[in-house]
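Okay, thanks for coming, everyone. I'd like to walk you through one protein model, so let me put it on the screen.

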Amino acid sequence: MSRASFFVKGLLILLLVVVNITLFSNYTFSTAPSGSPSGPPPLPISDQATPTSIPDETEVNHIENVIQGRFNSRSARVKEVCSQPHHPAAAIKKPYDIVAVPMLGLTWCPTFKAGSSNWLDLICKETYNHEAYKQCNMHRLRASNPAARFLSKQVPFQWSAATERELGLPFMVVRNPINRYLSAYRDKFEMGNIAWYYDRLGESIVSKYRVVPGGDEKKKEQLAAARKVILGAGGGSIELWDDTNPYLTPPGPTFYEFVQWSLDDGKDPHLITIYKQCGPCTIDYNILRLEKLSEEADYLFQKVERSYLNLDFQTSLNVRGKTRDCVDVFYSSVPFETVKKAYNKFMKVDCELYSYPCEETMALIEFLPHTNPQETHTCK
């Protein structure tokens, strides 16, 4: 081999080494246990999440202006709806429930199934010491709010600038009403998953609305057996499904049975409409959306000069799928005329007040193929 060709070959080898080093430096590797599947190839570093840079003051101001713009737009929409003659929202002359927290500069209207557990936890932590915090719940929080209780009993109810200075900036959290109604079922009743709810309401719902052949004695026997299984397990689940007992197929009320009960009775705080709970025509609330809760809560804390607060917002993840992904599955198990009655009673006014596209969703639900309600137990 000539000296020139040897020199060229050496340059090629060196070039290959440099290229390989460059390629490998763009990947990260994880060590898998011996014998475990290697899994998909690691992503290039450029495709992985990188720490978010700290925004400058101009960017922060822009974000704040955007969020305040949302608040202003929502407030304007509520005022527009409330100005309509004979509108149901305008008939509500005072909030059903408000919680004043002057030490945080806030007055909260608790709306169940819209992040209320997260707000309750935050307010309890900031209001009580460690030992008292353990005993804090919504009932205790209401009992320790004489100012809010006195205000809510005023006739006529009036919220003024002086009231706001004394009690705090009023705020509420809203959620897509169609999702909120379904969430009330899934979190409390689906599969009899919470023993307390099954004992208090679920068993009576199933007994009243589930059509089961056989006489009364057989029905009592099967209901008692289902009750023993569900409460004995500390709550129902798909694993308790038993084809030999119609009250365990499924365990707990179906969504259709829940809808029928809510229309006939429905006395549960999770079903109270947001407009009846908060009386938005009587107080100019800062309206936060559950769908954007983390960033909007941070901005709210800045408005009341409590930027040290942090809302630990965590959604309860249902093992059978996220509620927002289950709307078609569950609503298609209910005759549309029944869905429409529930919509008019529990969802329509809130949809109008808070600008959710519910009419479009209802139009889609109307044309879904009907499914068997007793087979609707998952949306995965």
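So, where does proline 250 lie? Proline 250 sits in the loop between α10 (216-232) and α11. The peptide bond leading from threonine 249 into proline 250 is cis, with omega near 0 degrees.

Quick word on what you're looking at. This is a predicted model, where local features need pLDDT of at least 70 and side-chain atom pairs count only at pLDDT 80 or more, while totals for chains, interfaces and linings use all residues. Residues are numbered from 1 along each chain as its sequence is written, and side-chain values use heavy atoms, with hydrogens and water left out.

Now the overview. The protein has 17 helices and four strands; those are DSSP runs numbered from the N terminus, H or I over at least four residues for helices and E over at least two for strands. Of its 380 residues, 43% count as buried, where buried is under 20% relative accessible area, exposed is over 50% and partly exposed is in between, using a 1.4 Å probe and protein chains only. Now take contacts, meaning heavy atoms within 4.5 Å. Among those between residues at least 6 apart in sequence, 75% join residues at least 24 apart.

Let's go back to α11, residues 255-264. How do you describe two packed helices? You give the angle between their axes and the distance between the axes. Here the axes are lines fitted to C-alpha atoms, for helices over the stretch in contact, and angles run from 0 to 180 degrees between N-to-C directions.

Take α15 first, residues 336-346: its axis and that of α11 come within 10 Å and cross at roughly 50 degrees. That makes α11 oblique to α15, given that under 35 degrees counts as roughly parallel, over 145 as roughly antiparallel, 65 to 115 as roughly perpendicular and the rest as oblique. The crossing of these two, α11 and α15, is left-handed, so the near helix is turned anticlockwise from the far one by less than a right angle; clockwise would be right-handed. On the α11 side you have Tyr256, Val259, Ser262 and Leu263, meeting Thr338, Lys341, Ala342, Lys345 and Phe346 of α15. Those split into five nonpolar, two polar and two charged. For the classes, Ala, Val, Leu, Ile, Met, Phe, Trp, Tyr, Cys and Pro are nonpolar, Asp, Glu, Lys and Arg are charged, and the others, Gly among them, are polar.

Next partner: α8, residues 177-188, whose axis also comes within 10 Å of that of α11, crossing at roughly 110 degrees. That makes α8 roughly perpendicular to α11, and the crossing is right-handed. Tyr181, Leu182, Ala184 and Tyr185 of α8 touch Phe255, Phe258, Val259 and Ser262 of α11. By class, that's seven nonpolar, one polar and no charged residues.

Last stop, tryptophan 119 in helix α3. Is tryptophan 119 buried or exposed? Buried, at 1% relative accessibility. Leaving aside neighbours within four places in sequence, tryptophan 119 has contacts including Trp108, Phe171, Leu288 and Phe301. The C-alpha atoms of tryptophan 119 and tryptophan 108 are separated by 8.8 Å.
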